[in-house]
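Reader: Could you go through this model with me, piece by piece, and tell me what the terms mean as they come up?

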Amino acid sequence: MTQEKTPPPVFVEGTIHRVVQDRAIAAQIESASPQQKVELYAQNGIWFDALTTLANLRLANPQDPALTSDWDSLLRSVGLEDVVTAPLVK
């Protein structure tokens, strides 16, 4: 009888920095479409909101190739090629 090996747990470390939005950027974000918001967040280094917004869009529209492409590009732009194809979870 062979024993199956249990994979080791995965740990992630990081830091979060609060960013005070510039009023002009905040106004742009407020009037932008969801996809435009993702781009504005990413351009201004607001990664949590960029990823969260795009992930929610993908969950709501899993067959949209434009969102899949945007996800791929965003993750690759910050060196996360290894998780591009990982499934999204709620």
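**Helices, core and surface**

Reader: Which element holds Leu-59?

Author: Leu-59 has its place in helix 3, where helices are DSSP runs of H or I with at least four residues, strands are runs of E with at least two, and both are numbered from the N terminus. This is a predicted model, so local features need pLDDT of at least 70 and side-chain atom pairs count only at pLDDT 80 or more, while totals for chains, interfaces and linings use all residues. Residues are numbered from 1 along each chain as its sequence is written, and side-chain values use heavy atoms, with hydrogens and water left out.

Reader: OK, and is Leu-59 buried or partly exposed?

Author: Leu-59 counts as partly exposed because its relative accessibility is 32%; buried means under 20% relative accessible area, exposed means over 50%, and partly exposed lies in between, with a 1.4 Å probe and protein chains only.

Reader: What about Thr-53, what does its side chain reach?

Author: Thr-53 belongs to helix 3, which spans residues 47-60, and its side chain comes to 2.7 Å from the backbone oxygen of Asp-49. That is a polar contact, a pair of N or O atoms within 3.5 Å; within protein, one must be able to donate a hydrogen and the other to accept it, and residues adjacent in sequence count only if both atoms are side-chain atoms. Setting aside residues up to four places away in sequence, Thr-53 touches Pro-34, Val-38 and Tyr-41, a contact being heavy atoms within 4.5 Å.

Reader: Switching to the inside: which residues of the largest nonpolar core touch the most other members?

Author: The core has 17 residues, and those touching the most other members are Ile-29, Tyr-41, Ala-50, Leu-54, Leu-57, Trp-71 and Leu-74. Helix 1 (23-31), helix 2 (34-43), helix 3 and helix 4 (65-77) each give two or more residues to this core. A nonpolar core is a set of buried Ala, Val, Leu, Ile, Met, Phe, Trp, Tyr and Cys residues joined through side-chain atoms within 4.5 Å. Beyond its neighbours within four places in sequence, Ala-50 is in contact with Val-38, Tyr-41, Ala-42 and Leu-74.

Reader: And which residues of helix 2 are buried?

Author: They are Val-38, Leu-40, Tyr-41 and Ala-42, and their cover includes helix 1, helix 3 and helix 4. After helix 2 comes Gly-45, with a positive phi near 70°.

Reader: Now charges, how many salt bridges are there?

Author: The count is one salt bridge, defined as a side-chain nitrogen of Lys or Arg within 4 Å of a carboxyl oxygen of Asp or Glu. Asp-72 pairs with Arg-76, and their closest N and O atoms are 2.8 Å apart. The two are separated by about one helical turn because they are four residues apart in helix 4. Asp-72 is partly exposed at 25% relative accessible area, and Arg-76 is partly exposed at 42%.

Reader: Which residues make up the nonpolar patch on the surface?

Author: Trp-47, Val-78, Leu-80 and Val-83 form it, with about 300 Å² of accessible area together, by the Shrake-Rupley method with a 1.4 Å probe and, for residues, only the protein chains shown as cover. Patch members have over 30% relative accessible area and no salt bridge, like charges being joined within 9 Å and nonpolar side chains (Val, Leu, Ile, Met, Phe, Trp, Tyr) within 5 Å. Val-78 lies in the segment after helix 4 and is partly exposed, at 40% relative accessibility.

Reader: Last one: where is Asp-22?

Author: Asp-22 is in the segment before helix 1, and a polar atom of its side chain lies 2.9 Å from the backbone nitrogen of Ala-24.
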